[in-house]
Every structure is written in structure tokens, then in C-alpha cells.
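User: Please take me through the aromatic contacts of this model, with the criteria behind each term.

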Amino acid sequence: STGSPMHDISVHPVRAFADNYIWTLRRGGRAAVVDPGDATPVLAYLEAQKLQLSAILNTHHHADHVGGNAQLLAHCKVPVYGPRDERIATVSHRVGEGERFTLEDFGIEFQVLEIPGHTRSHIAFFGGGMLFCGDTLFACGCGRLFEGTPAQMHASLAKLAQLPDATRVYCGHEYTLANIRFAKAAEAGNPELVKWEHAAAALRAQDEPTLPSTLAQERLANPFLRCDEPAVIAAASRHAGKPLTDAVSVLGALREWKNKF
């Protein structure tokens, strides 16, 4: 588990499905869960660790992030913070850009950031040096554009990239090694990718998560945050078969390329 600046809080990944992480904040006997796609492993973890659920946070409406809400609420009535999106019926506290709320049991104030692209109503939670960003920003990657545009995703990633260097990035899936493989095609000369790949492979060999990453690391190596870099522009242009002149076009071309990579 990863401690936060508030030394008595830890963050534990509860695994679900093939590669989802349900991030679980712990303090004392209390727990809050982010994007519980499946209630079963969460309930098992809470019981094994003798923890009381105190809140649920949802970043977007996809079933692998909200599918466990109802069963968890049947077990324990807690507030559910999520986006303004009627597709998540179980949200009790709908929040949007610039809003803040405090998880009293943890003493953490979260700021809400609207980061559309992967879905139209996707949000992130930023607080205590932690960023819970669902499927928008991945370690060395970004989410597929299911409901949004390259322009939206570019703006969302730019918003996240402005957060402090030391911000710990907790995303929804274990995609890091595959993302680094793609990044090496998109920016072949970036030495950070080789270092990151070695570190991530060592963690996976021990069946450990590669997360959290940090925003400093993402800015150095994530091609989707580097759409202004000449090498990334050149690779995206080669793949698109035409010169791309603006960062949004570069991001769109990178995402199309990654979809089939």
C-alpha cells in the first residue's frame, strides 16, 4: 500500500476483472473506494481487514467502474460522489468542475476536475497529493475516445498536467507495460521509457501494481502529454501519412494508432 502525506492514510488496490484496480483509501477502521466495478472483492477485503465502508467515489459511468455500487450500498448506506450523469443512478452527491468536498473520516478535501474525452461526463478527484483519474490518464497512456473528441481529451490531459509534479496518479487499469510499448514507437529516443519499462516489468514479475505513477513521470514519458514534442509530432505525422501541425491533431493520430497497435 502507498502512504500519503497524511501518514495514517494508505491506499490499497483491490483487484477486479482482468486488470481493474478499485483504489481503497484506509484510515483507522474506515475505507473509501474509488470506482468499484465489482462489489465482491471489495466486500471480501473489507471483511478480511475489518474495515467499515464510509464513501464511494465514481469517475465515470462504465460498468467496470460503477457496477458494484448497488451491492455495496445494500451492504452499507454511504455517500456516493460522482459526475452529473443520469447513467449512474446510484450517485447521491453529483459534483462538477471546481467543486470541493471533504471525506471527514480521512481528513482529505478533494477537488473535482471535469476531464471529458473517454466519456462525456468523466471527472477526476484530486486531494492529499493523490489524483484518482479513472480512464482518462493512464500510466504512459490515455483512455480510448468513446464519447469525446481529441480536442476534449487534449484539454483534459492538459488540465491534469498542470497539477504538481509529486501528484500520485491512481488510474483504473494495469495497462502500463502495453502503454510503454506504444510510447516507444511514438517517441523512440526517449530514455525515460527504457527506465520506466525496466521498473514496471520488475513490479509485474512480482505481481505488484505499476501504480501509482507521478505527474512528473507522465510529463517526461507519456506521449499523450507530449504532443508538442518534435519527435512525437514526427512519429504521429508518419503514421497519419500527412504533416500534423497542432497538438490536438497529433493526439487524435496517436490515439487512432494506439487503438490498432
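Predicted model: local features only at pLDDT ≥ 70, side-chain atom pairs only at ≥ 80, totals over all residues.

Analyst: Residues are numbered from 1 along each chain as its sequence is written, and side-chain values use heavy atoms, with hydrogens and water left out.

User: How many aromatic pairs does the structure hold?

Analyst: Rings of Phe, Tyr and Trp (its six-membered ring) pair if their centres lie within 6.5 Å, and planes under 30 degrees apart count as stacked, over 60 as edge-to-face and the rest as tilted. By that criterion, the number of aromatic pairs in the structure is twelve.

User: Which class does the pair of tyrosine 21 and tryptophan 23 belong to?

Analyst: Buried means under 20% relative accessible area, exposed over 50%, and partly exposed in between (1.4 Å probe, protein chains only). Tyrosine 21 is buried at 4%, and tryptophan 23 is buried at 3%. Their ring centres lie 5.2 Å apart with 45 degrees between the planes, and the pair is tilted.

User: Why is the pair of phenylalanine 182 and phenylalanine 261 classed as it is?

Analyst: The pair links distant parts of the chain, with phenylalanine 182 in helix 5 and phenylalanine 261 in the segment after helix 9, 79 residues apart; helices (H or I, at least four residues) are DSSP runs, numbered from the N terminus. The ring centres are 5.2 Å apart and the planes stand at 80 degrees, so the class is edge-to-face.

Definitions and conventions
Helix = DSSP H or I, 4+ residues; strand = E, 2+ residues; numbered from the N terminus.
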